[in-house]
Amino acid sequence: MTTADHAATARRNTEPPTAGASFGAGVVVTDGDGRILLGLDRSGVWELPGGKVEPGESVEEAAVRELAEETTLVADASDVEVLGLLLDTVTSTRLTRMTAATAVRNFRGEPAVAEPEKIERWAWTDPDDLPEALFLPSAQVLRMWRPGIAVPDAPFHRYSLGRLSG
């Protein structure tokens with residue numbers, strides 16, 4: 001391999017491709033009664049906390065950061081379980097959207113609206129009595145959390161993460 005070939009190979013492996021995807025985390029938080037936390041978006045649709053995974057951040061770190069930024073709830077990355085991945089084939093024709101479905105086992109605090117320009121209120125909701133106006137990606141995260149949950153089906157590709165025994 002020539003020096004020029006080596007330089008081209010090194011550059012190829014370090015320069016990111018043109019962005020065509022978005023990677024985020026959807027966060028299922030449950031209270032002591034088994035209810036899930038949903039936020040009423042200003043559009044009238046209910047959704048889970050969550051958002052984009054930032055460069056250099058793990059999925060677990062993104063989940064706790066987004067949870068705190070949106071709800072003021074505090075959790076540790078070690079209390080986040082990654083349940084699976086969802087490849088959204090429906091909500092965008094310009095961008096591939098991948099969501100890590102996560103569940104937070106422990107948290108501190110009471111939910112509060114931290115982004116009033118986006119969310120009107122947070123509410124603990126019985127998973128067997130979900131609102132009809134549910135953000136489709138949030139519904140699919142809920143299905144990863146609890147496969148039998150009554151949510152609208154959508155053409156998402158679902159990738160469950162296998163559990164390893166130690």
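I count two strands as paired if DSSP finds at least two bridges between them. Helices (H or I, at least four residues) and strands (E, at least two) are DSSP runs, numbered from the N terminus.

Ground rules: this is a predicted model, where local features need pLDDT of at least 70, side-chain atom pairs count only at pLDDT 80 or more, and totals for chains, interfaces and linings use all residues. Residues are numbered from 1 along each chain as its sequence is written, and side-chain values use heavy atoms, leaving out hydrogens and water.

Strands next. I looked up E1 (residues 21–29) and found it parallel to E6 (residues 96–104), with 9 bridges. Phe23 has Met98 in E6 as its bridge partner. E5 (residues 80–88) also joins E6, antiparallel, by 8 bridges, and there Asp88 stands opposite Arg97.

Then I checked the open sheet: 3 strands, order E3-E2-E7, antiparallel pairing. Its edges are E3 (46–47) and E7 (119–125), each pairing on one side only.

I take a nonpolar core as buried (under 20% relative accessible area, 1.4 Å probe, protein chains only) Ala, Val, Leu, Ile, Met, Phe, Trp, Tyr and Cys residues joined through side-chain atoms within 4.5 Å. The largest has 21 residues, with Val28, Leu38, Leu130, Leu134 and Leu142 making the most contacts inside it. Helix H3 (136–145) is listed with E2, E5 and E6 as giving two or more residues, and H3 gives the most, 4. Another core, of 16 residues, lies apart from it and includes Val27 and Ala100.

Conventions:
Buried < 20%, exposed > 50% of the residue type's maximum accessible area, 1.4 Å probe, protein only.
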